[in-house]
Each structure stands twice: as C-alpha cells, then as structure tokens.
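Let's take a short walk through this structure together, starting with a pair of helices and then stepping back to the domains around them.

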Amino acid sequence: MIKHQVNILPNEVKVDGKALKVKSCGSTMLTDLYREYVGDYPKFFKMDTLSKVGFIASELLLNAEGDRNFEPREDRAVIFFNRNASLQADTHYQSTIQNPENFFPSPAAFVYTLPNIVTGEIAIRNKYFGETSFMVIDDFDEKIIRKNLENAFQDPVTKSIIGGWVDCSDEEHFEADIFLMEND
Amino acid sequence: MIVCVSHNIISPLGSTSAENYAAVKSGKSALRKYDGLWGLPEPFVASLIDRKSYEDDRYTIDERIVIDSVSKALEGTDIDIKSEKVLFIISTTKGNVFLLDENEHGYPKERVRLGMMARQITKHFGNSNEPIVVSNACISGVCAQIEAMRYLESGDYDYVIVSGVDVQSAFIVSGFQSFKALSPDECKPFDANRCGLNLGDAAATIIYTRKDEVDENEWVACRGAIRNDANHISGPSRVGEGSYRALRAVLGDNKASELAFINAHGTATPYNDEMESIAIERVGLSSVPVNSLKGYYGHTMGAAGVLETILSMQAVDDHNILATRGFDTLGVTHHLEVSNQNRSTEKRAFIKLLSGFGGCNAALLMAKGGLQ
C-alpha cells in the first residue's frame, strides 16, 4: 500500500499530488528545497546530483509521513530504479582523467560513480540498517518497479520501503517519482 | 526451493567453471603487474582478460563475455531462452563506462547506459523481457542472485539467468588509485601485511529455477539478505553492523557446525577485512573456516558475487575449502580460521559474504541438497 508519494522535476515538486511552490529550477531549486525543508544536513552540498535529488525527495516523503525520530531501524528498505545509473557523476569523473596533461582523479568524485550511493546517503541520514538496493532499466516501467518492490517484502524483516524512480542525466535534468510503501 | 541449474565463469583463468576451479585449486592466479597500460601514470596489479580474443565489431567486451558466459551456461540444458518465462538479471557496477572516453569511437555512446548494454545481451538471445540490471557497487553479484530468488518465488518466471560482469578500464583503475585502495603487489587477504586490493575482469553466470523437491546433489539458494551500515558512503562500519545483520539474517536457526566455510569478500584492504572479522565474530561464526578468492582473480566487482558463489559450490562438491592465496599471518583483530592451503570438508553448506561502497552488505546461504 502506498502511504505517501513525492514527484520532482527540474521545475516542479509535488507531495502526495499537491504542488509545492518553487521559485527556481534545476540545481538551484534543489538547493532552495534543501534550505526550506531540511537545513540541518550540510553533507547535502557534497553530494552528486543523483544523491541530491533522491535525498531531497526522501526528506519531503518522510516529512509527509511525520513523527521523524531518527531512531535506528532495520525494517525499512530503500530501493531505487533509474535509466542513467550514475551518468552525471561518471561524466564528471571522466573529465578529471580525460586529459593526460591535466590528470587529477579525485576520490570525492569517484565515490559517486556508483548509483547506489544515494540509497546509502538516505540510510545514513535516517539510520536505516535495512536493505538498500539500486537497479537500472532502460525505460521507466511502473509495473516492473512495483512488482520488484512487492517481491522485496519476501525478506521477513522488511515492513516498509522507500522506493521508486530517481534519475539524473546532468546537473540540470533530473526526475524523482518515489513513494513510501507498506506491506499489506 | 530455488535451485542452481547450471553455471559458467569466463576469466583469465579459463572459460568454463571447471577450468576455473581446477586453476584455483592448483593455486594459479591471473594477477600481473601492468605498467603504462591505458596511459595510466602509475603501474598496477590486476587480473585481465586478453582483450584480443574477445574482439567483436558488434559487441563491447563486457557484452561479448556475458553472451559467451550465458551461452556456455545454457549448453546441456533444455531451457527455451526466448520464452517470456525466462528473465535476465545482469549484475554490473560500471558496464561499458569506457565509452565515456572521448577517444572511444567503436560503439554507439548510448551503450554506456547499463539498461542499453543489457538489452544487447537479451536481444542476442531473442529474449524480449526487459532485463533488470543490479548496480549495487561491490555487492551486486549477491544482490542479483537474491533478486533471482524473489522473482522465482513469486512464480512469474520459470528460469532466471543471473550474469555478473565488469571489465577494467582507466576509469575504474584511476578511481581506486585515487582512493589509495590498490595494492602495489598481489593482494594479501586477511594478512598482517595487507595493503589494498587488486582489480580483475570476469563474467560469471548462474541459471536458477524453482523446484518443489530437490535431490541431494542439487544446489539450493536458501536465504539471502542485504543490509546497510548506515554509517559512511565509502568506508565500512567499524562494528561491521550491516555485515553482521546480513549474516544473522541468512544464518537463521542454522548452526555454525553446518557450514563448510564462509567465502568472505576479503578484498585485502585494511578496513574491509578487519570489518569482516568483527561481523563474523559478532554473529558467532568464528569457528567456521573463512576464505577469500581475491588472490586468484582480484576484485571482479559486478562479477565477484556470482563468480565466488560458483567456485564455492564447486569446492563443496569437491569436499574442499579453497586456500586463501596471498595470506600468511592473520592480521585482523578478531580470530578467523583462514589458511593459505586447501583444506578438506564434509559439510554441505556455505555463506557468501560481500560489502561495498554506499555502506551496503549482502550475504547468501547456499546448501547442497537444501538445508537439513
């Protein structure tokens, strides 16, 4: 059963179908959302775009759920899908090694070249010791995603899932369609 | 029950599971030192496939070795690979990432997308289901098997083809070098002098199906679990939290005495191996033999969980606990039963353990003939 849902596009944000007022768009909008709805988690500024989008979407989702006590828990999973994996971070990292005369690979850039880092960021923020997973399909397909998340409840510890679609092709182009799902 | 029907490994040590097992059992390693390869300024030690023998105008090397691995795994089975009841799950961390290099012109750039890479593979076999790509850092190969178990349990598919692959490139090697995670020599899992990992190329495939009854020689994927450390995106938990919880979940009511061994991640980085020793002790499995296969293949990333599960099944079939190549003196703070010699066993189950960036950890309990 879907309890809450968050949708983010570069110029539009919806929580449970209701539009939030946004004055900016793209990467600036993500920063504005952070300042207005989060504010106390400066690690946000180190994240790649995929992690920022997933993090902001999860914060809005959990604010909608309410009663945020940050108590450690194992019964909530974080499972995302997308199309471009970590393409924005990959392209950025590639630019640091493309030119042999200007070769400066950075560990801070490299760590984000894995799409599942966003699930780890959300687990760290909320002290979720449960399942975290990231999968890629070449086109958004609600049926595939729903079926997969329902399957995840086969783990007897998992009682709820933050799941859905979090995609990003570059710093200004991204999309989140995530929800909080409980086992019924 | 979820049963292994067939498997294959393609690596520098061979292109069948049997060749790979024989090579590892005899102590062979494909780790070599490379200096100046791909224009990288620093030398590195890795286990690399001979790229020339897999050259193909249509398929990248990742795609080619997965196609070969799946084809070989299908030999001798009567699976209708084109059937809508067959699902492909591909496990990879970086896939065709080399295509991002501006000097690469051999293949369409869109194949850098993991889903597009996976579609080349399913198209080759004439299977029209959308392939699922699991990209969960270094634990992907076990996660892909757990996904396969779930899809089969749900009854939607009769067979799931799990294929793990990664092929090394300047992108990956320079990244691990920037992390100072690579050993300048052959890696030394769990050893006092370990100082980092080696990377490796491989593709490995397991085909799973669901059966109500199994015979005593069939391998059953009994339980899998994925848990997060909720601690740090690039370093493991100091108390092995996620690995401990994953191990606890797959062990269930089963006893340490039922396990032939734990095939650990054992990358030979100081932090990973130490963390695993803590997690294994916390869950009460310190008496169980532990091994790592990284000294033969390096860390094969998306392939590792599949490749190491296959070799572990073959080892139990052979009543053998494979030696941890590169290990000499225990260098973790919690006791582990590690050896650099092959040891014999009569037990019929093992746990495959992995952990990765993003704080993720995964464990899988496999038992020959199912759990007693």
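A helix axis here is a line fitted to the C-alpha atoms over the stretch in contact, and the angle between two axes runs from 0 to 180 degrees between their N-to-C directions. Keep in mind as you look that this is a predicted model.

With that in hand, find helix α1 of chain B, residues 17-25, and helix α9 of chain B, residues 304-317. Their axes come within 10 Å and cross at roughly 75°. Since angles of 65 to 115 degrees count as roughly perpendicular, α1(B) is therefore roughly perpendicular to α9(B). On the α1(B) side, the contact is made by B:S17, B:N20, B:Y21 and B:V24, while α9(B) brings B:I310, B:L311 and B:Q314.

Now step back to the whole of chain B. The chain is divided into domain 1, covering 2-210, and domain 2, covering 219-368. Between the C-alpha centres of these two domains of chain B lie 20 Å. Where they meet, 60 residues of domain 1 of chain B are in contact with 57 residues of domain 2 of chain B.

Which elements build the domain 1 side of chain B that touches domain 2? At least two residues each come from β1 (2-10), α1, β3 (44-47), α4 (140-153), β6 (159-166), β7 (199-200) and β8 (202-210) of chain B. The largest share, eight residues, is supplied by α4(B). Taken as a group, the residues on this side of domain 1 of chain B divide into 32 nonpolar, 21 polar and seven charged.

Definitions and conventions
Residues numbered from 1 in each chain as written. Chains lettered and ligands numbered in written order. Predicted model: local features only at pLDDT ≥ 70, side-chain atom pairs only at ≥ 80, totals over all residues. Helix = DSSP H or I, 4+ residues; strand = E, 2+ residues; numbered from the N terminus. Parallel < 35°, antiparallel > 145°, perpendicular 65-115°, else oblique. Contact = placed C-beta atoms within 7 Å. Domains from an automatic or database assignment. Nonpolar A, V, L, I, M, F, W, Y, C, P; charged D, E, K, R; others polar.
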